[in-house]
Amino acid sequence: MADLIIRPEQPEDFGPIRRVVAAAFGKDLEADLVEEIRASQHYIAELALVATVDGLILGHTMISGATLQTASGDRDVVMLSPLAVAPTHQRQGIGGALVRAACESAEKRGDPFVLLEGDPAYYSRFGFEPAYEYGIEMPLPGWAPREAGQIRRLAGFEAEVAGKVIYPKAFADLPDEE
């Protein structure tokens, strides 16, 4: 999409972001999640991105903080969630552009990897791999296959990252079933 601009979200974007996220998922649960993350200490403003065309917000994603419990102690990590594109503009490359931009921004920030829970067939095209292959255990909902817990290695990645991901409180209300 030639006129696509990806940039960090701004306070004036919050209403349109909510509408896009709710429409993309067909319910308010994920839009509520975005707002809860934004209101938490896990929010990373420069990693919350919108995709616009002609000033209209068509997509949104955010990378926020989480905790990885390791044998040597807790470690701050980042995870991408959720990713949303307006239903009228899906399958046009907007979601992929947001994922790539978010991962690039996390890498520039110095994050060694990004975690997510999502469809392996979709996210593998952006370099995501099963997190369990690196010894990372993610609490997945009952409907999700083990491969849905994924990692994208970035510059600075070290092979010893094994541990259990602890989602922030904002994720507590998400259902265990699809």
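Trainee: At what angle do the axes of helix 1 and helix 2 cross, and which term describes that arrangement?

Mentor: In this predicted model, helix 1 spans residues 14-25 and helix 2 spans residues 29-38. Their axes come within 7 Å and cross at roughly 140°. Angles over 145 degrees would count as roughly antiparallel, so helix 1 is termed, relative to helix 2, oblique.

Trainee: How many nonpolar, polar and charged residues make up the contact of helix 1 with helix 2?

Mentor: Helix 1 contributes Phe14, Ile17, Arg18, Val21, Ala22 and Phe25. From helix 2 they meet Glu30, Ala31, Asp32, Val34, Glu35 and Arg38. Sorted by class, the residues of this contact are 7 nonpolar, no polar and 5 charged.

Trainee: Which residue forms a salt bridge with Arg18, with the closest N and O atoms 3.2 Å apart?

Mentor: A salt bridge requires a side-chain nitrogen of Lys or Arg within 4 Å of a carboxyl oxygen of Asp or Glu, and the closest N and O atoms of this pair are 3.2 Å apart. The pair links helix 1 to helix 2 across 17 residues. Arg18 is partly exposed at 23% relative accessible area, and its partner, also partly exposed at 34%, is Glu35.

Trainee: Which residues are linked with Arg18 in a network of salt bridges?

Mentor: By the distance rule, the model has 10 salt bridges. Arg18 and Glu35 form one of them. The network that holds Arg18 also includes Asp28, Asp32 and Glu35.

Trainee: How many residues apart in the chain are Arg109 and Glu46?

Mentor: The side chains of Arg109 and Glu46 meet in a salt bridge, at 3.8 Å from N to O. Arg109 belongs to helix 3 (residues 94-109), whereas Glu46 sits in the loop between helix 2 and strand 2. Arg109 is partly exposed at 39% relative accessibility, as is Glu46 with 40%. The pair links distant parts of the chain, and its separation is 63 residues.

Trainee: Is Glu129 buried or exposed?

Mentor: Glu129 lies in strand 6 (residues 129-130) and pairs with Arg153 in strand 8 (residues 149-153), so parts 24 residues apart in sequence are tied together. The closest N and O atoms of this salt bridge are 2.8 Å apart. Arg153 is partly exposed, with a relative accessible area of 40%. For Glu129 the value is 19%, and since the limit is under 20%, Glu129 is buried.

Methods
Residues are numbered from 1 along each chain as its sequence is written. This is a predicted model: local features need pLDDT of at least 70, side-chain atom pairs count only at pLDDT 80 or more; totals for chains, interfaces and linings use all residues. Side-chain values use heavy atoms; hydrogens and water are left out. Axes are lines fitted to C-alpha atoms, for helices over the stretch in contact, and angles run from 0 to 180 degrees between N-to-C directions. Helices (H or I, at least four residues) and strands (E, at least two) are DSSP runs, numbered from the N terminus. Angles under 35 degrees count as roughly parallel, over 145 as roughly antiparallel, 65 to 115 as roughly perpendicular and the rest as oblique. Contact means heavy atoms within 4.5 Å. Ala, Val, Leu, Ile, Met, Phe, Trp, Tyr, Cys and Pro count as nonpolar, Asp, Glu, Lys and Arg as charged, and the others, Gly among them, as polar. Buried means under 20% relative accessible area, exposed over 50%, partly exposed in between (1.4 Å probe, protein chains only).
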